[in-house]
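Student: Can we go through this model together? Please show it first.

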Amino acid sequence: MTLTAKQISVIAANPLEDSLTSVRDKLRACTGEPSEGIVASLLGALVTSSAALDLPGDVAEKLFRIRRKVRAGEIGTQQFKPLADVVLAEPRDTEVWAAVIDLIQSIEPSTPPPSSIAPTFLGTPVKTSSSRLVDSETRELVESELFFEIKDCTFRNVGGFWGKFFDSERWRKEQKAMLKEIMGTHDGKRWMEFPKSTDEKQVWDWIRSLEERFLSGARHRLHTTKTANQFKDRKGQMDLFFQAPQKHAADAFWYKNVLVVGEQKKSHDTSRFKADLLQITRHVRSVFADQPTRRFVHAFALCASIMELWVFDRSGPYSSGPFDIHKEPDKFARALVGYATMNDDAMGLDTFIERKDGFRYVTLDDANGGESRIQLTSPMMRQKAVVCRGTTCFMTRSKHVAKFSWASDKRDLEFKQLKLAEERGVKGVAKVVAHRRITTIADLRKGLVFADRHRFRNDVVHLDDSPSATASTNSSNQKRKSSSDLASDDTSDPKRRRSSRNKSSLVQTVNKQLSINKRKPSLYSTGEDPWDNRIYVCLVVSPAGRVISDFESIKELLEAMRDAIRAHQSLYVTGNILHRDISSNNIIITKPEAADGFKGMLIDLDLAKVANTGPSGARHRTGTMQFMAVEVLRQADHTYRHDLESFFYVLLWMCARESWSKPMLSRGGCSPKNSLLRKWEIGSFKEIASAKMGHMTVNSMEDIMGEFPEALDVVKPLCLRIRRILFPLDKEERMNFGTPAGEPDQLYRPIIAAYDEIISRT
């Protein structure tokens with residue numbers, strides 16, 4: 001690799017010095033290929049260097065991505081032998097970075113995306129129904145999960161749709177010319193060259209001929225997977241889609257480049273509406289996953305000659321309503337020209353992130369009342385779902401964390417909760433550096449008219465997992481429907497709509513009656529608005545850290561968990577603030593010198609609330625499914641003890657699931673194929689609560705601990721001790737899952753002491 005003058009200048013200004021010394025020692029001690037642990041350490045040292053952050057081409061980001069793949073076992077260590085040999089030779093910094101860039105090119109061949117599109121990266125999904133799914137899951141399971149995201153927030157025939165997105169009166173002269181030329185191929189009754197057969201290939205050829213003749217100068221191009229090209233690392237291919245022209249031809253398409261999602265069928269079957277919409281939603285999910293800061297995504301379905309245009313934002317999908325392209329040719333032509341010529345703002349891209357000289361910047365309000373221009377570097381996490389908070393985190397050049405998310409307007413914004421915690425003297429919780437409100441769903445939907453929500457056929461109400469309780473969720477998971485339930489839909493019958501509304505009213509009444517505190521708990525609270533108005537915000541917090549799942553030793557895991565519990569104690573007892581979302585994504589490993597002496601801290605106060613206040617009215621769920629307390633799953637209002645129970649589930653999850661990805665702990669072993677903890681992810685609220693309740697017995701706890709690697713035997717006494725503290729027996733020798741009366745210290749103190757005792761032995 002020959003470095004450019006700019007690369008050499010950056011490397012000279014940011015020397016590696018002794019940052020590779022410890023890794024070099026490890027390399028000298030090993031024979032043959034470097035181990036996964038050594039490779040991860042090498043990449044970790046490089047990714048945090050100032051040179052990696054400043055080198056053009058997102059070098060730090062790519063190294064971060066590669067490191068995660070190494071830790072997950074997705075990349076063999078043999079590919080890193082050339083870089084390891086260079087590092088061992090103790091060469092000049094330019095030789096090290098040349099080898100690094102060669103490595104990046106070999107693993108991730110360059111296919112530069114348009115500057116307005118966010119990068120592809122891997123991350124840890126959180127909170128929504130589909131967040132618990134991985135690409136290896138079946139299409140049926142993915143789509144059934146997605147259904148519960150969109151089932152209560154889908155709208156069709158939205159008023160003002162055409163005027164907002166496809167108003168040809170406001171188009172530029174060249175756009176109007178394109179529209180006029182395309183309309184010239186319609187004879188007043190039908191498109192003259194439209195094929196007699198609606199075979200997908202023939203219809204595609206017709207659309208492509210229109211594009212080649214009349215849209216050759218457009219900024220976006222139409223593509224299909226009906227050719228040899230397929231999508232990289234995704235199951236199921238989009239039929240049609242728009243993207244910006246790429247500088248280099250590629251054998252595979254990438255979701256990071258997709259602008260408009262399309263689905264094409266050779267026949268129009270109203271009974272397949274739900275299945276077709278879910279197929280589109282699955283592709284939109286992949287677009288949001290690879291373009292996580294995108295505001296909304298356009299999509300369309302063309303079934304024979306019936307077309308329907310869609311927009312998906314973080315509050316759900318809505319459409320133009322179906323139309324026949326022969327009978328309403330202007331709509332088809334406006335859609336084709338509109339998709340091909342839309343600017344970045346109308347396309348829903350992240351125009352608020354500035355891209356310059358290969359770097360990304362965001363301008364925010366700082367703590368002193370001024371503005372700060374902050375450089376974003378490595379991506380850390382993104383949320384893999386459609387209807388959700390869309391949480392996306394980046395490292396910043398100044399070693400802080402920048403978090404983008406769509407928060408409910410029914411709750412105080414996170415920066416207010418963090419400022420309140422700071423004012424009240426809370427320790428162990430992240431501090432605000434800067435923030436900005438970017439936009440809202442209400443702003444994005446301004447000018448649109450929404451009538452009744454679309455009612456899907458076979459939309460059955462479950463009293464334990466009600467549809468009204470799952471609208472716009474952060475971690476929904478309901479009873480799975482059969483494939484036939486996902487295959488048909490027609491809600492044109494007004495009696496059916498009235499029946500659905502009556503069922504929804506019944507469910508709300510039942511939920512009120514079931515509430516332990518005689519008021520609707522926050523987990524199940526619903527709003528009267530037709531859709532959730534979310535506020536898109538960027539928040540920069542300090543200090544940065546690694547998520548708890550990235551622990552590198554048993555002691556580091558235990559110390560981080562203990563200090564995160566101490567932080568929770570301070571937040572609740574000193575700050576009178578209840579976190580309500582303890583999960584593996586919201587506990588970070590920190591350096592004590594930069595974190596008030598804490599080796600673990602709490603982040604993400606999006607769902608936090610001042611204790612002993614009423615429900616917020618937001619429809620989002622307060623918690624992450626795998627870690628929700630049993631009583632919360634069963635509709636009890638949230639208490640501090642439920643958060644402590646969630647901490648316990650995080651510990652068990654780290655030991656039984658995450659530890660197997662650590663070579664120093666797994667020692668060549670393999671995780672159980674059918675983990676008991678899978679039951680914490682799949683099923684209804686009632687089913688998951690029952691599974692967790694059963695697992696907390698002594699015998700079942702032994703079974704769960706049997707899934708720990710042998711190296712974690714030292715943690716088992718801690719798990720048994722915490723189990724006894726959290727689930728004491730009553731007079732009838734039944735486990736008590738309730739919150740005890742009295743001071744919270746009766747739980748915090750023995751749990752923290754239990755951690756201290758085990759830590760002293762490791």
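This is a predicted model: local features need pLDDT of at least 70, side-chain atom pairs count only at pLDDT 80 or more; totals for chains, interfaces and linings use all residues.

Student: Which residues point which way from E6?

Tutor: Phe296, His298, Phe300 and Leu302 point one way, while Val297, Ala299, Ala301 and Cys303 point the other way. In a regular strand, side chains alternate between the two faces of the sheet.

Student: How does E5 run relative to E6, parallel or antiparallel?

Tutor: Strand E5 (residues 258–265) runs parallel to E6, and 6 bridges join them. Within that pairing, Gln264 stands opposite Leu302. Together with helix H12 (residues 273–290), E5 and E6 make a right-handed β-α-β unit.

Student: And E7, in which sense does that pair with E6?

Tutor: Strand E7 (residues 306–313) pairs with E6 in the antiparallel sense, over 8 bridges. Glu308 in E7 is the bridge partner of Ala301.

Student: What do E6 and E7 form, and how many residues are between them?

Tutor: They form a hairpin with 2 residues between the strands. Ala304 in the turn has a positive phi of about 60 degrees.

Student: Change of topic. Where is Asp550?

Tutor: Asp550 is in the loop between strand E17 (546–547) and helix H18 (554–574).

Student: Why does Asp550 count as buried?

Tutor: Because its relative accessible area is 18%, and buried means under 20%.

Student: Which residues does Asp550 touch?

Tutor: Leaving out residues up to four places away in sequence, Asp550 touches Arg68, Glu556, Ile589 and Lys662.

Methods:
Residues are numbered from 1 along each chain as its sequence is written. Side-chain values use heavy atoms; hydrogens and water are left out. Helices (H or I, at least four residues) and strands (E, at least two) are DSSP runs, numbered from the N terminus. Buried means under 20% relative accessible area, exposed over 50%, partly exposed in between (1.4 Å probe, protein chains only). Contact means heavy atoms within 4.5 Å. Two strands pair if DSSP finds at least two bridges between them. A crossover is right-handed if, with the strands pointing away from the viewer, the path from the first strand over the helix to the second runs clockwise.
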